[in-house]
Amino acid sequence: MNSLVITRTGTHLTIQDFGRFHYQHLGVSPSGAMDQRIIKELEKIIPLHHNQFIEFAYVGPSIKVKEGSVKVCVGGNCNMNIQKNNGTQIICQPYKSINLFEGDELNIHNTIDSVYGYIAVEHGLGLDPCLKSFSTDTKAGIGSINRPLKVDDTFEILEDVSSWDHLSIPNPDYKKETNFKVYPGPQLQFFTDQALQSFISSTFTISAQSDRMGIRLKGEAILSSQSHDILSEGILPGSIQVPSDGQPIVLMRDIPCTGGYPKIAILNEEDISKISQLPPGSQIRFDLQTIY
Amino acid sequence: MYFKGINSYGDRGMVLDFGDDSSKSISLEVNKAFSTISNLGLPLLNIIPSFNKIVIIFENSQIRDQNKEKITLEMSDIKSQSHKSANKTWKIPACYDESFALDLKLIQKLHQITKEEIINLHTSESYYTYYIGFMPGFPYLGDIPSQLITPRLATPRIKIPARSIGIAKNHTCIYPKISPGGWNIIGQIPFDIFDLQNPNPSLFLPGDKVSFYSVSNKEFQQIQKKHFSINELIKEYSS
């Protein structure tokens, strides 16, 4: 038997995968990893991840091997070390496989100049899917584990490590993106040329009140010429909605399934992952493309 | 025919547009299109109906573009297509006792009607399920009798009890779970309408017909004790 226990939670620790689909018409959000590029990279090192990734934001967790041994890999830019059972400490790197033995503790201190990081564990965490996905939506209380992870949460890894060989890939070292191409949103025509002009010519600051549901922006108010209240309709992640205060919100993975604010624009899938990694205070600009 | 056309929504999404108004006849067309497209077996990730739009998302832009033609073709004769509705008709027990009906007094005062009149009005109609949204399993039902039309609460409640029945504007709803919200609460139903353990987790589907009948607090408690599963509820309360 192999098992892992959470000994320190860090912040916003949840289980995520590539998303929960086919249920949005029943009010269930797609959820999934905020930065899907990273879990795709981790797949190269830990192909047998069983879609059960641990996501953290800013401060990572500590996880300890309670029994047996496990192979893990961390993705994202983070500082971390391993506190070995024999008292020694080893600095370790993301995107390199790590073999952990009974009593070893992996401490992920923080993400560097970014927000989200991930842990993949070979053979997964022994979880059962919920509505065909492992992702946690903490607001709706849906998931294999329907809440953020906490200290003493223990995972049984049912199979043994397949090989002790060390695998690694070069750190993808994602460039920090601050200019985003966006495409017309369903209510683009609600905004005057002047409003559109300030949307594309001004700089927005990412607010600290951002989470898995949405990234709130602060900047010049973008006012709709019609209403800021439309009949609720289906919304997709990456949509930029503008409530009546004119401060845009980029809707992220835990989107409300339908919404009644006009959507001026939408990011493409890749850019949803990119924007998720910008810490509060980051300044961004939008470049509106005419067609997709 | 209300269908206006298909627009792109980002790199991998599309919106089927049925205009800007909302009515039951628009919704009937929306939900017919929703069930027709859902049953085509297209490789889509999500299809989300609402009052006058259907939003669809695919894995990537290529798959979206490949399927756009099929959907356009299907929509071109949606009106003439025969449509076997898989929708259900529900008769749902509801208790309108003061202990559940947190805003009954407010509505009595606003419309100058008695509690009995409110119950009679709310149970008099068979409501249409416009769509499911806001939270998992939450049905937007309508339209309620005009005498009951009430604005949303000026200050939303922080905690509405699970299974509460609400009314706001010309709609009525059921809160599947404890939630913040702004609907006026007039009663409660005695069972859960969303079950994560069931592969078909939502009791109601877009297009279902739902009516309520009034039960006493005692009957309410008796039904509650049975802890019906979704499948048992289907047998017991739908046709």
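How much area is buried between domain 1 of chain A and domain 2 of chain A? The area is about 1700 Å², and carbon and sulfur atoms give 51% of it; buried area is the accessible area (1.4 Å probe) that two parts lose on being put together, summed over both.

The model is predicted: local features need pLDDT of at least 70, side-chain atom pairs count only at pLDDT 80 or more, and totals for chains, interfaces and linings use all residues. Residues are numbered from 1 along each chain as its sequence is written, chains are lettered from A in the order in which they are written, and side-chain values use heavy atoms, with hydrogens and water left out.

Next, display the contacts (heavy atoms within 4.5 Å): 23 residues of domain 1 touch 20 residues of domain 2. On the domain 1 side, select Gln24(A), Met34(A) and Arg37(A), which lose the most area to domain 2, together 35% of what that side buries.

Finally, consider the composition of the domain 1 side that touches domain 2: 8 nonpolar, 9 polar and 6 charged residues. Here Ala, Val, Leu, Ile, Met, Phe, Trp, Tyr, Cys and Pro count as nonpolar, Asp, Glu, Lys and Arg as charged, and the others, Gly among them, as polar.
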